[in-house]
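Subject: Handing over the structure

Dear colleague,

Please keep the structure open while you read.

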Amino acid sequence: MKVDSPMAVAGQLTDPPAPALGDLSTQPIFRSDVAVELVKASADDSDVVWAARVSTAGEKSLAARDEDPQQSAGLIRFLLKNRHGSPFEHNSMTFLVSAPIFVFREFHRHRVGWSYNESSGRYRELEPVFYVPDRARRLVQQGKPGSYDFVPGSAEQHDIVERTTREACQVAYERYLEMLAAGVAREVARGVLPVCTYSSMYATCNARSLMAFLSLRTHSDESTFPSFPQREIEMVAEKMEQFFAELMPITHAAFVGAGRVAP
């Protein structure tokens, strides 16, 4: 299954809509969004059913591939609620993610059931696309690590964030190009670029690993174990969850009904 999804531009700052990576001049582009595209998927609620039924039906469990998975919604809910996780692994989803580098550094902490391939600053000239939070982004941290929350920033604080980020990225990219023009290797020159530089990666997972990711990287008051992720990776997770809910609606509903606890 292939789903085409245009790059999101919601929350764009004062610049015109950002072009896709790979179609840029050397003039910096500033964005406040992330983009997630479902490249391919082999994922259906029936995958959970036939994988689970092999325990009792052996090879006859393959008959479940042609059944309406809604008939086995109770089985899916039972498996998820009681954390019988392996039946949720027999599927696959591959996403193309465009986001700031600091988001990927958090993303790569999720290792079980995930595969990644990211654009390389060693082998290609990095493009001047940089992240600046929009005005909806909460800027001020209150409390101590492990017990804190974020509150809205003032107009002055947002002005400072936008101005200093733009200035720093502009200078950093000019120095990057200066080194490249002098013959310095890309892998050395990239060291001056900030972590708000956009990158792209393919991320492949199964439903079980995706649910574990969503349980930690989204915030919901309905969660049994509420999580408080950084907003930028939550933006990626929210877009992934939309695709998951479309591909495997019964499994997704069971996940939500079980307090967003991964099996």
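What pLDDT does the protein average, and what share of the residues score at least 70? The average is 89, and 89% of the residues score at least 70, where pLDDT is the predictor's confidence in each residue, from 0 to 100. Over residues 1-25 the pLDDT is below 50, although in the model this stretch has 62 contacts beyond near neighbours in sequence, a contact being heavy atoms within 4.5 Å.

This is a predicted model, in which local features need pLDDT of at least 70 and side-chain atom pairs count only at pLDDT 80 or more, while totals for chains, interfaces and linings use all residues. Residues are numbered from 1 along each chain as its sequence is written, and side-chain values use heavy atoms, with hydrogens and water left out.

I begin with the core. A nonpolar core is a set of buried Ala, Val, Leu, Ile, Met, Phe, Trp, Tyr and Cys residues joined through side-chain atoms within 4.5 Å, and buried means under 20% relative accessible area, with exposed over 50% and partly exposed in between (1.4 Å probe, protein chains only). The largest such core has 59 residues, of which Met93, Phe95, Val97, Leu210, Phe213, Val236 and Met240 touch the most other members. Helix H7 (residues 231-247) gives the most to this core, with eight residues; helices (H or I, at least four residues) and strands (E, at least two) are DSSP runs, numbered from the N terminus.

Ile233 has its place in helix H7 and counts as buried, at 0% relative accessibility. Leaving out residues up to four places away in sequence, Ile233 touches Val103, Glu106, Phe107, Phe213 and Arg217. The C-alpha atoms of Ile233 and Glu106 are separated by 7.7 Å, although the two are 127 residues apart along the chain.

Helix H4 (residues 155-181) has 27 residues, and among its buried residues are His158, Glu162, Arg166 and Tyr173. The cover over the buried residues of H4 includes strand S1 (29-31), strand S5 (129-131) and helix H5 (186-189). Just after H4, Gly183 takes a positive phi of about 90°.

Finally, Asn206 lies in the loop between strand S8 (198-205) and helix H6 (207-217). Is Asn206 buried or exposed? Asn206 is buried, because its relative accessible area is 12%, and its side chain reaches the backbone nitrogen of Ser209 at 2.9 Å.

With best wishes

Key:
Expected span 1.5 Å × (residues − 1). Polar contact = N/O pair within 3.5 Å; in protein donor to acceptor, adjacent residues only side chain to side chain.
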